[in-house]
Amino acid sequence: MILIRKGVDRGHADHGWLKARHSFSFANYHHPDHMGFRALRVINEDVVQGGAGFPPHGHRDMEIITYVLSGALEHKDSTGGGGVIRPGEVQYMAAGSGVTHSEFNASREEPVHLLQIWLTPNAANHRPRYEQKSFGEERRNALRLVSSPDGAAGSIAINQDAMIYASVLDEGAGAQHRFGVGRYGYLQLAKGGLEIGGAIMQAGDGAKIADEAAISVKALAPDTEFLLFDLS
């Protein structure tokens, strides 16, 4: 089963400095049919205006991954972690027993466009941790593993039985992924167009995947970019 949810049907918030789309219930958006999927709890597509951002605030017991699509985002947190994340890079923060962090657009003029992802951890009170890695052209016409439970293939190790793949496909290029027995998938299309299981996805669409041994996708536009989650 591949169940596509159109991007226009997501929750929406417009704060002026921040325009956000919520794949799952978040903040003032609540939908009982979209509370999360397996360990995946949040996918927010955010556009933050130049010079704006999120002042210091706290989290705990959440695995937080940030993926920038355009622009640059500056991060600081109470673990001492920090840096500027740009397209092709993945930023990870284990909130664990408690962390305070801030995120601001690194530019005063240009907006930053990003996906922020939360997964529930495999246990409470992990040690807070920060990591950032660049994957760049490794994502081109491939499914590049960017996070996993054990840091396989140079990916970022996270506290959950979830594997996240990033891909940027040329128009007409394809990719395949096999799921283990009892595994689930979620695909978030960030840019371009994609054919999956005979259906068409457009930028912003998400797809829940269950009871599928494998999937094949084909890009319908140049630089089609997406994240694929392999979940227990």
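Two exercises with worked solutions follow, both on a predicted model.

**Exercise 1.** Determine how many cavities of 30 Å³ or more the model holds, and describe the lining of the largest cavity by its residues and elements.

*Solution.* Step one is the count, which comes to one cavity of 30 Å³ or more. Step two is the volume, and for the largest cavity this is about 40 Å³. Step three lists the lining, which consists of Leu143, Ala175, Gln176, His177, Leu187, Ile215, Val217, Phe226 and Leu228.

**Exercise 2.** Locate histidine 34 relative to the strands, decide whether histidine 34 is buried or exposed, and identify its polar side-chain partner and its other contacts.

*Solution.* Step one places histidine 34 in the loop between strand S3 (18-22) and strand S4 (40-48). Step two considers accessibility: the relative accessible area of histidine 34 is 15%, and because buried means under 20%, histidine 34 counts as buried. Step three turns to polar contacts, where the side chain of histidine 34 meets the side chain of arginine 5 at 3.4 Å. Step four widens the view to residues that histidine 34 touches; leaving aside those up to four places away in sequence, these are Arg5, Ser23, Phe24, Ser25 and Lys208.

Key
Residues numbered from 1 in each chain as written. Predicted model: local features only at pLDDT ≥ 70, side-chain atom pairs only at ≥ 80, totals over all residues. Heavy atoms only, no water. 1 Å grid on protein atoms, 1.4 Å probe; cavity = no way out; pocket = protein on both sides within 12 Å on 5 of 7 lines; lining within 4 Å. Points joined across faces, edges and corners; volume = space filled by probe spheres on them. Helix = DSSP H or I, 4+ residues; strand = E, 2+ residues; numbered from the N terminus. Buried < 20%, exposed > 50% of the residue type's maximum accessible area, 1.4 Å probe, protein only. Polar contact = N/O pair within 3.5 Å; in protein donor to acceptor, adjacent residues only side chain to side chain. Contact = heavy atoms within 4.5 Å.
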